[in-house]
Structure formats: C-alpha cells, structure tokens
Amino acid sequence: MPYILKQYSVVKGQRVEDFLANVVKLPKNLANKLLRNSKILDHNNKPLQKGQILKSGYVKVLIFEPITKGLKPLFQCEHFAIFDKPSGLIVHPSTRTREYTLLDEIRYQFGKEANLVNRIDAETSGLVVISKNAYADFVLKDMFAKKEFIKKYKALVENELKEETLINKPISPANGLIKLKMQTSKNGKESSTLVKPISYNKTKNQTLIEAIPYTGRQHQIRVHLNSINHRIIGDPIYGLEENFVDKLLNKQIEQNQRIKITGANRLMLHAYYLEFTFLNRRYIFTSKQKFP
C-alpha cells in the first residue's frame, strides 16, 4: 500500500514536532511537511498542528511507502528515466489513497529523490519523464515550464477531422458540478493545440488524430477537441451530461454502461512522442504501446 498508517503511543506533555523527532525518528523537514499536509493524526483521526501539546492516546503517522509491480522504464540514464505508462495507472497518490501509482514504482526503483517531471491523466497512456536527483528535477521541470519539450499525442475522436487545425482558445475552470472540469473561455489562460488527421473510419465516424499542445493547461487537448465537435472517444468528462459524469467518477456506473455512453472503457488519448535536449544531447522517445 502506498500510504501506511503507523501508530505510536503518546508521550504526554511533548510538543508534536518533538515527539516526531524523538520517538518516530522523522527528519525535521519531513515531520513539518507531514504536519502541513495533515498526515499526522490523533487517536480521533483529527490532524495535529505544529506546536500542539500531546495529552493522551496515540499518534497516527501517514507515511508513503512505495511498492513495486514490476513496471520497468522504457529508458534510463544517470539523471532521468522514461516510463511508458499504461492507461488506468494513476501517476501520483492522493493524500490517503491505498492505490498503487507510478510514483510507487519510481521511488521503489530509484529512491526518495526520484520524482515525476510531468504528469498525464490516469486514463491517458504513454510517456512520462522521471528525474532521478534534485539537479535533474530542477532542470527538467524548468525545461517544461519554458516549453522546451516537444510532446505529441494520438487520440481517437468523434466525427471526421478533414484538415490540420490550430485551436487557439483560452481555458479556465468550469463552474459546474464536476470540480476538475475545464472549459474554453475568453477569460481563461492562453491555450494552443495543433491537431492533424491521421486516418478516418467511415463506418464508426471516428478519426485518429495527432495533437501537439503548445501550452500546458489542465485537460487542454480534451477541452480543445471537444470545443470543435471532436470529443475524444471514451472521455469520462467532456461532452457528457454532468450527473452521469458525477456517477461515473464516483464508480457508480457499470463498465458496459460507460462503454455505451462514452464509446470506450478508457480515454482514447496516448502520449506517444517526446523530444528534448538535456546536457547537450538530443533525445527522441516514442511509445512502444499499440494505439488505438
């Protein structure tokens, strides 16, 4: 299990941070981080605050302990690795998840300094960059911020896309039932995606396309494609009625019903290509997974 609850009997009268240092043996910076993130709880499962005096009962410490399921990197060198993530695998755990994530594999294989440089949605498959040390983490994340990575995706979408299209539409959070949903909006942040048709299936009225995001907004490709009437097949959020989406995200919809309504059992979006220069060497990676 990624997050483990460990329980320790209280030393009455101690401040919680002293208890974490002296009894739990946590480094000071880690203890402070866990306190800030509400991962230190009392016996009533209430988060403890820095400076709080312990009185009775016990302290619960929620610590990330990585596990492995044998997922190997597509490539690795001294400073970074590339994973070819399957659809359905979450990249990063939420605060109290018990679910295996890509971060488990990263920390298990490469240690506590290893980190995710970029993230893709759980149902999106494809390439994810991993830093192995603090230096690489800083440099690679700075490169992403400066848009020095070339990223290309494949997606299977509704209807026929006949020609290459540059979508320039600002994106902002949507103010509806689904909190993580985004929308195109004139008041949003500048967003740009180039989409190109690859092949068209006339029988299914679906087009396999390539999408190149020039900006990095949340759900950018999904929002942009939906905005031009080319919703991605299998998308569990966009182009659907919000009450259905709410039930689907809360796992209240059977798989066959999801397939019937969305068109697939997963989001048909795949991060298949990465290109960048690191320490004066040019790298080009393509996914080994079959898509669609």
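This is a predicted model: local features need pLDDT of at least 70, side-chain atom pairs count only at pLDDT 80 or more; totals for chains, interfaces and linings use all residues.
## The largest pocket

The largest pocket has a volume of about 1,500 Å³. It is lined by 43 residues, and those closest to its centre are I120, D121, A122, H219 and R222. Several elements each supply at least two lining residues: the helices α4 (134–145), α5 (220–227), α6 (242–249) and α7 (255–262), together with the strands β8 (150–158) and β13 (206–213). Sorted by class, the lining holds 21 nonpolar, 11 polar and 11 charged residues.

## The second largest pocket

A volume of about 800 Å³ is found for the second largest pocket. Its lining consists of 25 residues, with L30, K33, F64, R107 and K112 nearest the centre. Two or more lining residues come from each of α2 (28–36), β3 (58–64), α3 (102–110) and α4. Of these, α2 gives the most, with four residues. By class, 12 of the lining residues are nonpolar, six are polar and seven are charged.

## Helix α5

Helix α5 is mostly covered, with six of its eight residues buried. The buried residues are Q220, I221, R222, V223, H224 and L225. R222 is also among the residues closest to the centre of the largest pocket. Just after the helix, N229 adopts a positive phi of about 70 degrees.

## A buried lysine without a salt bridge

K132 is located in the loop between β7 (125–131) and α4. This residue is buried but has no salt bridge, and the nearest side chain of opposite charge, that of E78, is 9.0 Å away. A polar atom of the K132 side chain does, however, lie 2.8 Å from the backbone oxygen of C77.

## Salt bridges

The model contains 12 salt bridges. One of them joins E17 to R15, with the closest N and O atoms 3.5 Å apart. E17 counts as buried because its relative accessibility is 14%, whereas R15, at 38%, is partly exposed. R15 and E17 also belong to a network of salt bridges that includes D18.

A further salt bridge connects the side chains of E242 and K181, at 3.6 Å from N to O. This pair links distant parts of the chain, 61 residues apart: E242 lies in helix α6, and K181 in the loop between β10 (171–173) and β11 (182–184). E242 is partly exposed, with a relative accessible area of 23%, while K181 is buried at 14%.

E275 and R282 form another salt bridge, in which the closest N and O atoms are 3.2 Å apart. Here E275 is buried, at 15% relative accessibility, and R282 is partly exposed, at 43%.

Note on methods. Residues are numbered from 1 along each chain as its sequence is written. Side-chain values use heavy atoms; hydrogens and water are left out. On a 1 Å grid over the protein atoms alone, a cavity is a set of points where a 1.4 Å probe fits but cannot get out, and a pocket is an open set with protein on both sides within 12 Å along at least five of seven lines; lining residues have an atom within 4 Å of a point. Grid points are joined across faces, edges and corners, and a volume is the space filled by probe spheres set on the points. Ala, Val, Leu, Ile, Met, Phe, Trp, Tyr, Cys and Pro count as nonpolar, Asp, Glu, Lys and Arg as charged, and the others, Gly among them, as polar. Buried means under 20% relative accessible area, exposed over 50%, partly exposed in between (1.4 Å probe, protein chains only). Lys and Arg count as positive and Asp and Glu as negative; His and the chain ends are not counted. A salt bridge is a side-chain nitrogen of Lys or Arg within 4 Å of a carboxyl oxygen of Asp or Glu. A polar contact is a pair of N or O atoms within 3.5 Å; within protein, one must be able to donate a hydrogen and the other to accept it, and residues adjacent in sequence count only if both atoms are side-chain atoms.
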